[in-house]
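Q: Could you walk me through this model? I have not looked at it before.
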Amino acid sequence: MPAPALRTPDVWVILPTYNEAENLERIVGAVVEQLPASRRVLIVDDNSPDGTGEIADRLAGSDESIAVLHRKRKEGLGPAYLAGFRVALDGGAERIIEMDADFSHDPAFLPKLIEATGDADLAIGSRYVPGGGIADWGPMRRFISRGGSAYARLALGLPIRDLTGGFKCFRRVVLETINLDTIEARGYAFQVETTYRAIKAGFRVVEVPITFTDRADGTSKMTKAIVAEAMWRVPAMRFRRW
């Protein structure tokens with residue numbers, strides 16, 4: 001007689017999309033394969049003109065563990081994640097994961113992130129701890145990425161090596177505590193701010209080594225405006241109250 005299946009946490013993965021028609025079906029399939037039985041993949045689409053939303057609806061129609069949140073316009077990474085977090089919390093999620101939909105975050109690392117939140121409150125997929133790394137980037141882009149994390153670490157006085165990383169698993173209590181309604185960052189400063197707030201609230205944050213791979217299809221969402229926002233918003237976080 002087989003042993004009874006272990007009870008698994010209710011895990012939600014939030015996938016924000018904008019023009020990810022080339023990647024969406026493959027990434028959703030790869031994500032689902034790595035998740036426990038009690039799971040939900042929430043695609044948050046910002047009215048992509050390339051048909052991403054229609055693909056998302058088709059996937060959701062064929063698998064009850066997939067859902068779609070359609071937003072009226074593109075507002076940035078932060079607002080998309082915040083919208084997804086709220087839906088996941090309302091849906092009873094115990095673990096909420098954020099990740100990119102372009103395969104730069106390998107779904108194979110999902111079980112390690114989920115496991116890490118057995119002892120920690122927030123697990124970050126980290127490129128800059130032993131065992132982590134980056135594939136397919138040239139020296140200049142590596143320098144900019146490391147410099148961005150170092151700048152945020154110095155400005156906020158935090159020990160986290162990969163503050164700009166966007167592959168994370170939160171326990172629900174973290175998102176319930178850090179006051180999502182007062183987060184205003186739209187670009188990659190959003191990643192810094194959520195981690196900073198979690199640490200300031202006393203939660204335990206760990207870094208799990210991952211290998212980051214540059215996207216193979218589609219175009220990067222990084223812009224000069226996103227970089228500029230991070231430059232001024234990160235040091236300003238130390239003086240905010242929420």
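Q: To begin with, which way do β5 and β7 run, and how many bridges join them?
A: This is a predicted model. In it, strand β5 (residues 122-126) and strand β7 (residues 168-171) run antiparallel, and three bridges join them.

Q: Which residue in β7 stands opposite Leu122?
A: Phe170 of β7 stands opposite Leu122.

Q: What is the strand order in the open sheet?
A: The open sheet has seven strands in the order β3-β2-β1-β4-β7-β5-β8, and the pairing is mixed.

Q: Which strands stand at the edges?
A: The edges are taken by β3 (66-70) and β8 (205-209). Each has a single partner strand, so one side of each is left without a neighbour in the sheet. From one strand to the next, the twist averages 20°.

Q: And what does α3 touch on the sheet?
A: Helix α3 packs on the sheet and touches β1, β2 (39-45), β3, β4 (95-98) and β7. The direction of α3 makes about 150° with that of β1.

Q: What about α7, which strands does it touch?
A: Helix α7 (residues 189-200) also packs on the sheet, touching β4, β5, β7 and β8. Its direction makes about 35° with that of β7.

Q: Back to α3: how many of its residues are buried?
A: Helix α3 is mostly covered, with 11 of its 14 residues buried. Among them are Leu77, Tyr81, Phe85 and Leu89.

Q: What span should α3 have?
A: At 1.5 Å a residue, the 14 residues of α3 (residues 77-90) should span 20 Å. The end C-alpha atoms are 20 Å apart, which agrees. Just after α3, Gly92 takes a positive phi of about 90°.

Q: Changing topic, where is Glu20, and is it buried or exposed?
A: Glu20 lies in the loop between β1 (11-17) and α1 (24-34). Its relative accessibility is 5%, so Glu20 counts as buried. The side chain of Glu20 makes a polar contact with the side chain of Asn23, at 2.8 Å.

Q: What is Val32 in contact with, beyond its neighbours within four places in sequence?
A: Leaving those neighbours aside, Val32 is in contact with Arg39 and Val41. Val32 is in helix α1, and it counts as buried because its relative accessibility is 13%.

Q: Finally, how many helices and strands does the protein have?
A: The protein has eight helices and nine strands. Of its 242 residues, 51% count as buried. The protein exposes about 11600 Å², of which carbon and sulfur atoms supply 54%.

Key
Residues are numbered from 1 along each chain as its sequence is written. This is a predicted model: local features need pLDDT of at least 70, side-chain atom pairs count only at pLDDT 80 or more; totals for chains, interfaces and linings use all residues. Side-chain values use heavy atoms; hydrogens and water are left out. Helices (H or I, at least four residues) and strands (E, at least two) are DSSP runs, numbered from the N terminus. Buried means under 20% relative accessible area, exposed over 50%, partly exposed in between (1.4 Å probe, protein chains only). A polar contact is a pair of N or O atoms within 3.5 Å; within protein, one must be able to donate a hydrogen and the other to accept it, and residues adjacent in sequence count only if both atoms are side-chain atoms. Contact means heavy atoms within 4.5 Å. Accessible areas come from the Shrake-Rupley method with a 1.4 Å probe; for residues, only the protein chains shown count as cover. The expected span of a helix is 1.5 Å times one less than its number of residues. Two strands pair if DSSP finds at least two bridges between them. Axes are lines fitted to C-alpha atoms, for helices over the stretch in contact, and angles run from 0 to 180 degrees between N-to-C directions.
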